[in-house]
Amino acid sequence: MIRIHLSGLLGEKRWTQAYLSQMTGIRPNTISDIYNEIAERISLEHLDRICEVLECELTDLMEYVPNETKKTGNDLIKEKHGNQKHN
């Protein structure tokens with residue numbers, strides 16, 4: 001899974017989500033989704049803006065943590081229309 005450390009980075013700077021939204025031009029709802037780790041997709045442009053304004057590396061913002069239950073290989077389920085669906 002991908003862990004997002006935006007809450008910790010904002011806490012270190014004592015910034016609010018609203019302030020980050022103002023500084024980056026990213027919609028507040030999008031910032032909230034990233035902050036609460038419920039975003040399913042994050043654009044490269046948004047990652048670039050967040051890292052720029054927070055003066056951090058992408059690896060400071062995001063981390064890969066191996067899944068307890070695999071989602072690939074033999075555990076992969078294909079949907080009828082060809083997209084991949086995970087259990």
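Let us begin with W15, which counts as partly exposed because its relative accessibility is 22%; here buried means under 20% relative accessible area, exposed over 50%, and partly exposed in between, with a 1.4 Å probe and protein chains only. The model is a predicted one, in which local features need pLDDT of at least 70 and side-chain atom pairs count only at pLDDT 80 or more, while totals for chains, interfaces and linings use all residues. Residues are numbered from 1 along each chain as its sequence is written, and side-chain values use heavy atoms, with hydrogens and water left out.

What lies over the face of W15? It is K13, at 5.4 Å from the ring centre; the criterion is that NZ of Lys or CZ of Arg is within 6 Å of the ring centre and within 35 degrees of the ring normal.

A search of the whole structure also finds one aromatic pair. The rings of W15 and Y19 have centres 5.0 Å apart and planes at 75 degrees, so this pair is edge-to-face. For such pairs, rings of Phe, Tyr and Trp (its six-membered ring) must have centres within 6.5 Å; planes under 30 degrees apart count as stacked, over 60 as edge-to-face and the rest as tilted. Y19 is partly exposed, at 32% relative accessible area.

I turn now to the overall arrangement. The protein has five helices and four strands, taken as DSSP runs numbered from the N terminus (helices H or I, at least four residues; strands E, at least two). Along the sequence, the pattern reads β-α-α-α-α-α-β-β-β. Of the 87 residues in the protein, 21% are buried.

Which residues does I31 contact, leaving aside neighbours within four places in sequence? They are L6, Q17, L20, S21, T24, I26 and I50, where contact means heavy atoms within 4.5 Å.

Finally, consider S21, found in helix α2 (residues 17–24). S21 is buried, with a relative accessible area of 10%. Not counting residues up to four places away in sequence, S21 touches I26, R27, P28 and I31.
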